[in-house]
Amino acid sequence: KEIEIHESFMKIVIDLAIERNNKYATIIVSPEGSVLCSGVDSTKDNPILRSELLAITNCSASYSMSTFEDHSIYSTSEPDPLAASSIVWAKFKTAVWGSSINDLYCRACIPHLPVESSFIFSKAFGVGTKKPIEQISGILKDKTDQLFNSECSNGIIKPQCKCIN
């Protein structure tokens with residue numbers, strides 16, 4: 001049952017990404033199961049405007065919230081180090097994503113800092129939540145991976161066959 005709930009929210013994220021013609025999309029879900037806010041990547045306008053940061057900013061403005069205890073954040077891809085740090089500081093209970101950073105970097109040659117969210121989350125001693133952030137990865141990965149076309153032919157980065165943290 002829990003996986004079905006995560007899949008239903010991930011479908012909303014995927015639909016948002018497709019609707020906005022953007023591979024990076026995020027929603028924030030309340031403890032009661034309502035979608036509160038969303039965000040899509042705007043890094044072409046500003047390098048820090050990741051979808052996760054925009055969703056957090058939208059909720060902070062709309063609901064006068066500065067922390068998100070007991071809330072979940074869903075993204076088409078694993079949060080990069082900047083977004084993961086923001087998730088820690090915002091005190092989310094759960095982070096859920098489809099495609100992994102390593103997969104995007106290694107398989108699709110998408111420029112990223114190849115640092116897994118779990119590394120950032122594990123370094124949050126005394127910051128953010130009192131309990132570790134629950135991480136659920138690979139939800140509808142087959143669908144989210146389809147959003148990320150390979151950029152290997154553009155020559156920016158070459159496929160990294162042995163990506164590790």
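Across the whole structure, a search finds three salt bridges, a salt bridge being a side-chain nitrogen of Lys or Arg within 4 Å of a carboxyl oxygen of Asp or Glu. The model is a predicted one, in which local features need pLDDT of at least 70 and side-chain atom pairs count only at pLDDT 80 or more, while totals for chains, interfaces and linings use all residues. Residues are numbered from 1 along each chain as its sequence is written, and side-chain values use heavy atoms, with hydrogens and water left out.

In one of these bridges, aspartate 80 pairs with arginine 50, and the closest N and O atoms are 2.7 Å apart. This pair links distant parts of the chain, since aspartate 80 sits in the loop between strand S3 (72-77) and helix H3 (81-89), and arginine 50 in the loop between S2 and H2, 30 residues apart; helices (H or I, at least four residues) and strands (E, at least two) are DSSP runs, numbered from the N terminus. Aspartate 80 is buried at 9% relative accessible area, whereas arginine 50, at 21%, is partly exposed; buried means under 20%, exposed over 50% and partly exposed in between, with a 1.4 Å probe and protein chains only.

Another bridge joins the side chains of aspartate 103 and lysine 141 at 2.6 Å, N to O. It connects helix H4 (residues 101-106), which holds aspartate 103, to helix H6 (residues 141-147), which holds lysine 141, across 38 residues. Lysine 141 also forms a salt bridge with aspartate 145, with the closest N and O atoms 2.5 Å apart, and these two residues both lie in helix H6, four residues or about one turn of the helix apart. Through shared partners, Asp103, Lys141 and Asp145 are joined into one network.

The structure also holds one disulfide, defined as a pair of cysteine sulfur atoms within 2.5 Å. Cysteine 37 and cysteine 59 form it, with their sulfur atoms 2.2 Å apart. Because cysteine 37 belongs to strand S2 (residues 35-40) and cysteine 59 to helix H2 (residues 51-63), the pair ties together parts that are 22 residues apart in sequence. Cysteine 37 is buried at 8% relative accessible area, and cysteine 59 is buried at 0%.

Finally, serine 117 is found in helix H5 (residues 117-122) and is buried, at 0% relative accessibility. Leaving aside neighbours within four places in sequence, serine 117 is in contact (heavy atoms within 4.5 Å) with Glu78, Pro79, Ala84, Trp97 and Gln135.
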